[in-house]
Amino acid sequence: MPFSSLGLSDSLVSALSQYVAPTPVQSAAIPLVLKGGDVLATAQTGSGKTMAFVLPLLQRWLATRMEKPRRVHTLILVPTRELAAQVTKEVLRCAVHLPERLKVVSAFGGVSINPQMMALRGGADFIIATPGRLLDLVDHNALQLNHVSALVLDEADRLLDLGFADELSRVLALLPKRRQNLLFSATFPEEVQSLADQILHEPTRIEIESAPAEMPVIEQRAIEVDTAQRTPLLRHLIKTEGWKRVLVFVAKQYTAEHVADKLRRHGIGAVAFHGELSQGARMQALAEFKDSFFQVLVATDLACRGLDIAQLPAVVNYDLPRSAVDYTHRIGRTGRAGEAGVAVSFIAAESHAHFCLIEKRNHLSLVREQIPGFEPMDQAPPPSPSTGGIKGWRKSKKDKLREAAAGL
Ligand code: AMP
């Protein structure tokens, strides 16, 4: 089915000439969004979800574009600053041939608020924002949200979880009650379903179970290795596997700096990426990684959602992710838009039980590998009766809040 048969105007279709056809989530979502109803869409990482909501929202904007002054009709919320920048780029790319200039303002923290306030003078058509900065702008009277007719939650389950709960409810209170709600994500854990239901009004649910031909080809590997041997093993794999670019996930900011430093000392171009860096440094690291200025980005879970890095052949879980959902998002940074990719998880003795849990939740069963020269020697510690949890896996503040909220 071509893009032109989905109800999109020629000016939008002409911006899509690089694509042969819509992806399944685009074919399903575009006509529904054009009709104006609420949609909850679940489709794999890298399956073209952004354009599945951007294209029909641009089409709908075409119908109201003569309205002056400009009022914010479309609000796209995202969980990270980098994703705000990425979605903004995608909107502008799709809007390039529209008959009238679309005004898009991207609003995220970590940078001065003044340019964003200036940009909002005279209104805007689309706002793409992280919730915190959006609220700051409202508090500064830089924008009003009482004309929003379409709200998108991109990476919706992340925005609905406890970390964003206060900010999201404040934003929702500022919006008109009658509006279109579009929730998109690759994952929708059960605990956020009921919150989603509170936002949505008679939604159509789209669940794209990709056919094998459309599935991203992500080879998943689990390699057993001692904790102390992970950096040497990483160096070994970078060399022997011939990965041109690797995204390495670690649990802590300190580890990101430490591992990047160790790699650089061995002549491998590596940069750390985490929330302690200035926004300028974050943007630069990501841009330079995308432009292949260096080979390895060592990141915390700040980089696990939504980032679209073309031709990324490998993702390594140096530390395992805290949750099974984060595992899905992390490995989904590779194997995007039909490319192949490999996702390697390092399994140390103390994280073995945790990985089994991740496998169980994701219906996976991976063969454990050992790499000659890096065979593990450590023994798994006995289970700890005191915590009742998995040994070596301390509960985060968020985990504790979640348990308290669930009355556990
Ligand atoms: P997303 O899931 O929105 O992050 O998109 C993942 C990647 O797929 C991006 O690089 C898009 O440019 C690309 N993409 C989006 N739509 C299509 C399409 N119809 N055909 C091929 N690639 C696409």
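A charge sits over a ring if NZ of Lys or CZ of Arg is within 6 Å of the ring centre and within 35 degrees of the ring normal. Keep in mind that this is a predicted model.

**Exercise 1.** Find the ring over which the charged end of R245 sits.

*Solution.* Start at the charged end of R245 and look for the ring of F289. The distance to the centre of that ring is 5.7 Å. The cut-off for the distance is 6 Å, and R245 is listed as sitting over the ring of F289.

**Exercise 2.** Work out which parts of the chain the salt bridge between R282 and E82 ties together.

*Solution.* Step one: check the contact. The closest N and O atoms of R282 and E82 are 2.8 Å apart, and a salt bridge needs them within 4 Å. Step two: place the residues. R282 belongs to helix α12 (residues 279–290) and E82 to helix α4 (residues 81–94), so the bridge joins parts that are 200 residues apart in sequence. Step three: look at the surroundings. Both R282 and E82 are buried.

**Exercise 3.** Decide whether D261 and R265 are buried, partly exposed or exposed.

*Solution.* First, the contact: D261 and R265 meet in a salt bridge, 3.0 Å from N to O. Both are in helix α11 (residues 253–265), four residues apart, which is about one turn of the helix. Next, recall that buried means under 20% relative accessible area and exposed means over 50%. D261 has 27% relative accessibility, so D261 counts as partly exposed. R265 has a relative accessible area of 65%, so R265 is exposed.

**Exercise 4.** Describe how the rings of Y318 and F346 are arranged.

*Solution.* A pair of aromatic rings is described by the distance of the centres and the angle of the planes. There are four aromatic pairs in the whole structure. In the pair of Y318 and F346, the centres are 6.1 Å apart and the planes make an angle of 50°, and the pair is tilted. Y318 lies in the loop between β12 (314–317) and α13 (324–331), while F346 lies in strand β13 (residues 340–347), so the pair ties together parts 28 residues apart in sequence. Finally, Y318 is buried at 5% relative accessible area, and F346 counts as buried at 2%.

Key: Residues are numbered from 1 along each chain as its sequence is written. This is a predicted model: local features need pLDDT of at least 70, side-chain atom pairs count only at pLDDT 80 or more; totals for chains, interfaces and linings use all residues. Side-chain values use heavy atoms; hydrogens and water are left out. A salt bridge is a side-chain nitrogen of Lys or Arg within 4 Å of a carboxyl oxygen of Asp or Glu. Helices (H or I, at least four residues) and strands (E, at least two) are DSSP runs, numbered from the N terminus. Buried means under 20% relative accessible area, exposed over 50%, partly exposed in between (1.4 Å probe, protein chains only). Rings of Phe, Tyr and Trp (its six-membered ring) pair if their centres lie within 6.5 Å; planes under 30 degrees apart count as stacked, over 60 as edge-to-face and the rest as tilted.
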